Amino acid sequence: MSIVLIRHGETDLNAARVLQWPDTPLGERGLAQARALGARFAGSRPAALLSSDMTRARQTAEAISLATGVPVRESPLLAERNFGVLRGRRFDELDHDPIRDERGPPEGESMAQFRERVAHALDWVRAARREAGGDVLVVSHGLVIRVLLAEHCAWPDSASPPEALSNTSVSVLDPEPPHAVRLSNCARHLDAGIADSGRGVVGV
């Protein structure tokens, strides 16, 4: 059994390097990525499918649900870090890197608050996996997955958490602590025509 972490598909704002609103939908390429992701899991029957309640993650999870027949369960615990008043701003126009800012912007989350929420999210995922008794797919966001991989997982000596995560990338963990990483940032389901450009900033 495994916990499978999945980043949402691409949005137009993601590709434009804009700090996004919660209701930002997938763009045309993101929808194609979500369909390819669904095809990757078609024929499998995960025990549970969990998702952030943000639109881009929910749409991605719905593509998996359509392919597998497993309903989506949502939680705000899996949402991306809240960038408060910076939402809607272009990352490249800011005079600092808000993603690495420990303090957090006004009306947003500090990194301490965000890390605490991600830890609670992992507790919720573990409980859902125990209840379901099988593989659990978790659709979330770049920074959430980065914190999980970097701070809550065990890596082989020769490996380390990725700095960037591709849209709809798949990472597979052992279901129990220390959550050994079996696969990381895998987007083999995306062909060259729909793979992301690599310009997007994980977390925006």
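Tutor: We take salt bridges first, then the cavity. Keep in mind that this model is predicted.

Student: What can side chains of opposite charge do?

Tutor: They can pair when their charged atoms come close. This structure holds 16 salt bridges.

Student: Where do D92 and R17 lie?

Tutor: Their side chains meet in a salt bridge, at 2.9 Å from N to O. D92 sits in the loop between strand 3 (72-75) and helix 4 (111-132), and R17 in the loop between helix 1 (12-15) and helix 2 (28-41), so the pair ties together parts that are 75 residues apart in sequence.

Student: Is R17 buried or exposed?

Tutor: Buried means under 20% relative accessible area. R17 has 15%, so R17 counts as buried. D92 is partly exposed, at 40%.

Student: Which residues are joined with D92 into one network?

Tutor: R90 also meets D92 in a salt bridge, at 3.8 Å from N to O. Through shared partners, salt bridges join R17, R90, D92 and E93 into one network.

Student: How many residues apart are E62 and R58?

Tutor: Four, both in helix 3 (residues 55-68), so about one helical turn separates them. E62 is partly exposed at 42%, and R58 is partly exposed at 25%.

Student: Now the cavity. How much space lies in the largest cavity?

Tutor: About 50 Å³. The count comes to one cavity of 30 Å³ or more. Its lining has four nonpolar, two polar and four charged residues. Among the lining residues are L19, M54, E80, R87 and G203.

How values were computed. Residues are numbered from 1 along each chain as its sequence is written. This is a predicted model: local features need pLDDT of at least 70, side-chain atom pairs count only at pLDDT 80 or more; totals for chains, interfaces and linings use all residues. Side-chain values use heavy atoms; hydrogens and water are left out. On a 1 Å grid over the protein atoms alone, a cavity is a set of points where a 1.4 Å probe fits but cannot get out, and a pocket is an open set with protein on both sides within 12 Å along at least five of seven lines; lining residues have an atom within 4 Å of a point. Grid points are joined across faces, edges and corners, and a volume is the space filled by probe spheres set on the points. Ala, Val, Leu, Ile, Met, Phe, Trp, Tyr, Cys and Pro count as nonpolar, Asp, Glu, Lys and Arg as charged, and the others, Gly among them, as polar. A salt bridge is a side-chain nitrogen of Lys or Arg within 4 Å of a carboxyl oxygen of Asp or Glu. Helices (H or I, at least four residues) and strands (E, at least two) are DSSP runs, numbered from the N terminus. Buried means under 20% relative accessible area, exposed over 50%, partly exposed in between (1.4 Å probe, protein chains only).
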